[in-house]
Amino acid sequence: MVRYIIRRLLGAIAVLFIVSLVTFGLFMVVPVMTGSSPAYLYAGKNPTPELIANIEHGLGLDRPIPEQFYIYMKGIVAGRTDLTDGTADGSRPCPAPCFGYSFRYQSPVWDIIKDRFPVTLSVTVGAAIIWLVLGIGVGVLSALRRGGFADRASMVFILLFLSLPSYLFAILLLYVFVYGLKWLPPTQYVPLSENPVQWFQALILAWITIGFGNAALYARLTRANMLETMSEDYIRTAVAKGLPRKTVVRKHAMRAALTPILTIAGLDIAFLLGGAIFVEKVFSLPGLGLLFVEAIGKQDLPVIMGLTIVSSLFIVVANIVVDVLYSAVDPRVRLS
Amino acid sequence: MAITRRATAFAALGAAAALALAACGGSGGGGGGSASPSASASASTAGGFNAAATSVVNASDKTGGTLKLAAASDCDSYDPARTYYAYCWDIQRLFTRTLMAFKSAPGTEGTAVVPDMATGPGESNADKTQWTYHLQPGLKYSDGSTITTKDIKYGVERLFASDVINGGPSSYYTSLLSDTYKGPYADPSGDLTSVTTPDDTTIVFNLNKPFADFDFLMALPTAAPVPQAKDTKADYGKMPVASGPFMISSFQPGKSTEWVRNPNWDQATDKVRSPKVDKVSLVVITDPTDEDKRLMSGAVDLLADGGVMPETTASILADPTKKANADNPPTGFIRYDVVFQTVAPLDNKACREAVFYAFNKSALRRINGGETAGEIATAMVPTLIPGYEEGYDPYPNGANNTGDLEKAKAKLAECGKPDGFDLNYAYRNVGLGPKALASVTENLGRVGIKVHGVVASDPASYYSTFIGSPSNIVKMQLGLAGAGWGADFPTPYGFWQSIANSNAILPEGNSNYPSLKDATVDSTLEALTKETDPAKVADLGKTVDHAVMDAAVYLPFLLDKTFFYRNPRLTNIYLNGGVGNYYDYVNIGTSDGM
């Protein structure tokens, strides 16, 4: 197990290195190759060549590209002290993980990400609870009541939320509950620690939007897996041996049927942690997704690069966690 | 380079460039005292469509309450030296004072500059190379310390630290004051010798060339005082020291900002501002539909950074009650196509004129949003800039501005291309770019001009290195390109210098896209650097406009307008031409005191 985890971690580091390399190349090298300079993005109107040179120096763009990449990677791993911000010694400390400095937000990128992450985490956790509970619940119920009313009702639920575009659903929720019925105030995110009620009010529609959409997918998958598992010989054997139906379902069928769901859930959660772009934008939730949209709009390259790498990190870590958990849930899987 | 919030989403710097501090009227020298709008001679009305464009709506002395603003994106910076968004310059008036300021008055009246912290307009020498200002007594920062002219000098010195303090229009100041000074960070022992402070209330600027509009530069937040002891360099924008009637009480970047009253601000020293509310809040709402809904429901009072969406505009226009609380003013921003004279056959003026006559301006306005999006432009100078001439139309292009095809064909024959020619159109594959390409292709195709789209591979560098690079224009054989412009300060020089003067042509980041080198334009702009008489300034502005239009390198088609909605509870509300015809937030009150 330990050797497996170490091997996976080394692989993860390699993947992240490649992602960093590609990201750096895409945002820092390609503009140079096309004759542009990221410095123009910060310079305002009519920048003189001297101003561009000054900004390039401040960004470190006047150094050779391999050196720039080395400094960037070193910053992520060990931090940096060469970011110019006008402090007395001409530099500011940027402890690891340092993804550079955002001239748009006038702050180290990691500080911005740290500031925005709790919002995305709140969105993700709430939505994941909804989709896992609802999706697995409906799927199991539907499989166990195959052909019955519950099954048909769940099919309607699944079809409705799979076919309903999430952007439409989100706007619909906003119109009905905020501006129509006025059950909720206009969204204004407040940290959980500050005001739990306002935190809940700000997030509930986002949770429903993501939760119901994903729940439909998970219900469909769960139902299919459960139906397949319930037709396995060992289930028939268990029933034939006189085990109670509840035990058969919970201890034998669900355990096997839900194992693939675990894999998908891990990746979905990791993907969402990288930023629920659309939902955060519609509900004005200042999380990583919205930060990504803003950074693209403002052409804030350091933030875009930082977010890309952090999002990749979530996916890579989730992959490892899912694989490890998979073996715990299903002993048939051997890590080696 | 639009200033509406729809366009700013993908044009942050462009929008910054479109500051659209539209101008008219007032001289660079400003004049006498100003008055707060509630006490001024400005007409006061109870409301009505477009009422706030020309009058103070719901004048009232009632105090208290909170002005609730919303914006689709946060300010680029609260550091007065680093902000360049039009609405953020307006926001700066809440907490930042300058030597001069735009008058608190509706419409064109607001484009005049008047003394703010200074006792009077700048005193200049004959050739406009030396400007002296005196500070009023009793000026204090929010921390209680006294504002001195040394702080103003230090604020200007920071502009030279361009590796740290960038993003704002620093180059106006740095180019006039020193070629060698490196700023207070890189050169702490150095001194910007061209600016002297004989005492704490006097400051003298010695320019290296004449600049008659210097009072306007002193009215921009870029020239705000910064106390050296409180300068946190790159972090200064997180909590700038306030000199105005409000100060930041909380700031969450990308989320919200709140201002409360500055206890050390003294109304007796401020003839520009007459604040009524106790607090101002700005919340970032990223979804435009949600933003409009909140505005129309009264949850927010104003959209700080632009107008409402087209569907909201339609619903407001259909409801007389709502319409009475809406305004549709010009922004001072003009949209045009650049006709590149450096690429054949457009090096032949008659060929360029053929494009002018065949162009369908109505179609382009439709693409941009129809009548509420702007007025058809027939010349370059925007409505509020001195030099604007109503009815001046050197290239009349047919009924409803859809094109004069006969005239266009005649011009084609004159330039030796009776069957038309091929032309490359530069565009960005974002926003309205593809639609503009389709429209131009169709309407020029009517006279045989075959348009080929050339997309900028990197939309972000469209203005800086695609059409902003004269060599790239020739290399890519570009014939036409969509662009736009708004002046940083509302004077003819402020509007024209960057886009028409041959001395402003840069190898990259160039805004004189057609590389116009016209002796009349250059000499008139030179004359404008020494002229402060309003009538003469306006005449010189017209001269430049005529010369530029005669060169047929800029094809104007739309004078932008924005469609605003204001909460009926707001008092003392008007659109200030000096701040790009945004509402003058600092003087707004509430009728309910809430």
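1. The axes of H1(A), residues 2-33, and H13(A), residues 301-329, come within 10 Å and cross at roughly 160 degrees. Helices here are DSSP runs (H or I, at least four residues) and strands likewise (E, at least two), numbered from the N terminus. Axes are lines fitted to C-alpha atoms, for helices over the stretch in contact, with angles running from 0 to 180 degrees between N-to-C directions. That angle makes H1(A) roughly antiparallel to H13(A) (over 145 degrees; under 35 is roughly parallel, 65 to 115 roughly perpendicular and the rest oblique). The crossing is right-handed, where the near helix is turned clockwise from the far one by less than a right angle, anticlockwise being left-handed.

2. If you want to look at side chains in that pair, the contact residues of H1(A) include Ile5(A), Val15(A), Val19(A) and Phe27(A), and those of H13(A) include Ile304(A), Ile309(A), Val316(A) and Val324(A). Two residues are in contact if their C-beta atoms, placed from the backbone, lie within 7 Å. The residues of this contact divide into 15 nonpolar, four polar and two charged. Ala, Val, Leu, Ile, Met, Phe, Trp, Tyr, Cys and Pro count as nonpolar, Asp, Glu, Lys and Arg as charged, and the others, Gly among them, as polar.

3. H13(A) has another partner in H10(A), residues 245-273: the two axes come within 8 Å and cross at roughly 165 degrees. H10(A) is therefore roughly antiparallel to H13(A), and the crossing is right-handed. Among the residues that meet are Leu262(A), Gly266(A) and Ala270(A) in H10(A), and Phe314(A), Ala318(A) and Leu325(A) in H13(A). The contact holds 14 nonpolar residues, three polar and one charged.

4. H10(A) also packs against H5(A), residues 109-144, with axes that come within 11 Å and cross at roughly 150 degrees. This makes H5(A) roughly antiparallel to H10(A), again with a right-handed crossing. Residues of H5(A) in the contact include Leu121(A), Ala128(A) and Leu132(A), and they are met from H10(A) by a set including Leu258(A), Ile261(A) and Ile269(A). Here the count is 15 nonpolar, two polar and no charged.

5. Between the chains, 49 residues of chain B are in contact with 42 residues of chain A. On the chain B side, H2(B), E12(B), H8(B) and H15(B) each give two or more residues, and H8(B) has the largest share, five residues. That side divides into 20 nonpolar, 19 polar and ten charged residues.

6. A word on confidence: chain B averages a pLDDT (the predictor's confidence in each residue, from 0 to 100) of 90, and 93% of its residues score at least 70. Please read residues 1-35 of chain B with that scale in mind: pLDDT stays under 50 there, though the model has 151 contacts beyond four places in sequence for them. For the complex, the predictor gives an ipTM of 0.71 and a pTM of 0.83.

7. Finally, some conventions. Residues are numbered from 1 along each chain as its sequence is written, and chains are lettered from A and ligands numbered from 1 in the order in which they are written. As this is a predicted model, local features need pLDDT of at least 70 and side-chain atom pairs count only at pLDDT 80 or more, while totals for chains, interfaces and linings use all residues.
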